[in-house]
Amino acid sequence: LMPLAKECEVSILPVDSEHSAIFQSLQGGHGKNELKKILLTASGGPFRGRTREQLQNIQVEDALKHPNWSMGAKITIDSATLMNKGFEVMEASYLFDVPADRIEVLVHRESVVHSMVEFTDGAVMAQMGTPDMRLPIQLALTYPERIPSPVERLDLLSCGPLTFSPPDTENFPCLALARDCAKAGGTACPAMNGANEEAVAMFLNDKIGFYDIYRLVNAAVPQVPFIADPTLEQILEADRLAREAVRANS
């Protein structure tokens, strides 16, 4: 999509809250060379702070209870495993043409700062607001204009302290796996996505456990032949092969 957008000389406006925040924060700079890194925030999901032992027997209904956002079942499970944040690293890398190793994930439990960018001079620009998807969706529809919104206003005097911490990739290994795939690029990304969709569907149907999602995706990705610069057909084939691998390994 990105080469096609460049060819057609059009911009792709992000709708997801984090990428909309990055897009808005980048308006504080004047060129790509001024960007040092992207600071991608994450709520941490419903199981932040739990150990691997505590997560072994997590039930579907527990994983569907997100602390801040109301989302569909599949994305809510991805948030619980932190896989969703891994996808967002991939998306940010492609959307803003930034290497994955210059995208840092920060756990921000309050979901008030939707993401930030750091510039070469040390300045950090952030976009803040209540956790409501109507705001980034509306901006994408009205950009470059801003119009009145039905979204509740952010009250900094009542929202409490804003905290930031590193993600727990030991107990939530999907994020590290996704980062590795983002760095590899090519068919590693669609292979991981297809494998994850298949594994999450199995979890939602009580066919596998919570940590089996990581196990199956991690095993499936290397089984898909890697192509660095795939065509659309090769991307779809990587997706199909990854799903097959998950079903075979389960």
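Is Asp212 buried, partly exposed or exposed? Asp212 is partly exposed, with a relative accessible area of 24%. Keep that residue in mind; the tour returns to it below. The model on screen is a predicted one.

**The whole chain**

Eleven helices and four strands make up its secondary structure. The radius of gyration is 18 Å, close to the 18 Å that the globule rule gives for 250 residues, so the chain is as compact as a globular protein of that length. Turn the view along the principal axes: the C-alpha atoms fill a box of roughly 50 × 45 × 35 Å. If you colour by accessibility, buried residues account for 46% of the 250 residues.

**Strands S1 and S2**

Select Lys37 and Glu104 and show their side chains. The two meet in a salt bridge, with an N to O distance of 2.7 Å. Lys37 belongs to strand S1 (residues 35-42) and Glu104 to strand S2 (residues 103-107), so this pair ties together parts that are 67 residues apart in sequence.

**Helix H6**

Next, select residues 83-96, which form helix H6. From its first C-alpha to its last, this helix of 14 residues reaches 20 Å, close to the 20 Å expected at 1.5 Å a residue. Eleven of the 14 residues are buried, so H6 is largely enclosed by the rest of the structure. Show the side chains to see which ones: the buried residues include Met83, Phe87, Val89, Met90 and Phe96. Then step just past the end of the helix to Asp97, where phi is positive, at about 55°.

**A nonpolar patch on the surface**

Switch to a surface view and select Met128, Leu156, Leu162 and Phe164. Together these residues make a nonpolar surface patch of about 350 Å². Within that group, pick out Leu156, which sits in the loop between helix H7 (134-142) and helix H8 (174-184). Leu156 counts as exposed, at 54% relative accessibility.

Select Cys181 and Cys189 and draw the distance between their sulfur atoms. What separates the sulfur of Cys181 from the closest cysteine sulfur? The gap to the sulfur of Cys189 is 6.4 Å, too far for a bond. The cut-off for a disulfide is a pair of cysteine sulfur atoms within 2.5 Å. From the side of Cys189, the nearest cysteine sulfur is that of Cys181, and Cys189 is in no disulfide. Searching the whole structure gives zero disulfides. Both cysteines lie under cover: Cys181 is buried, with a relative accessible area of 4%, and Cys189 counts as buried at 7%.

**Helix H9**

Now select residues 188-204, helix H9. Its 17 residues should span 24 Å at 1.5 Å a residue, and the end C-alpha atoms are 24 Å apart, which agrees. H9 is mostly covered, with 13 of its 17 residues buried. After the helix comes Asp206, whose phi is positive, near 60°.

Arg215 is partly exposed, with a relative accessible area of 38%, and Asp212 is partly exposed at 24%.

Finish at helix H11 (residues 232-249), where Arg243 and Asp239 are four residues apart and separated by about one helical turn. Their side chains form a salt bridge, with N to O at 2.8 Å. Asp239 is buried, at a relative accessible area of 19%; the cut-off for buried is under 20%. Now widen the selection to Glu197, Glu198, Asp239, Arg243 and Arg247. These five are linked in a network of salt bridges.

Terms used:
Residues numbered from 1 in each chain as written. Predicted model: local features only at pLDDT ≥ 70, side-chain atom pairs only at ≥ 80, totals over all residues. Heavy atoms only, no water. Salt bridge = Lys/Arg side-chain N within 4 Å of Asp/Glu carboxyl O. Helix = DSSP H or I, 4+ residues; strand = E, 2+ residues; numbered from the N terminus. Buried < 20%, exposed > 50% of the residue type's maximum accessible area, 1.4 Å probe, protein only. Expected span 1.5 Å × (residues − 1). Patch = residues over 30% accessible without salt bridge, like charges linked within 9 Å, V, L, I, M, F, W, Y side chains within 5 Å. Areas by Shrake-Rupley, 256 points an atom, 1.4 Å probe, with all protein chains shown as cover. Rg over C-alpha atoms; globule rule 2.2 N^0.38 Å.
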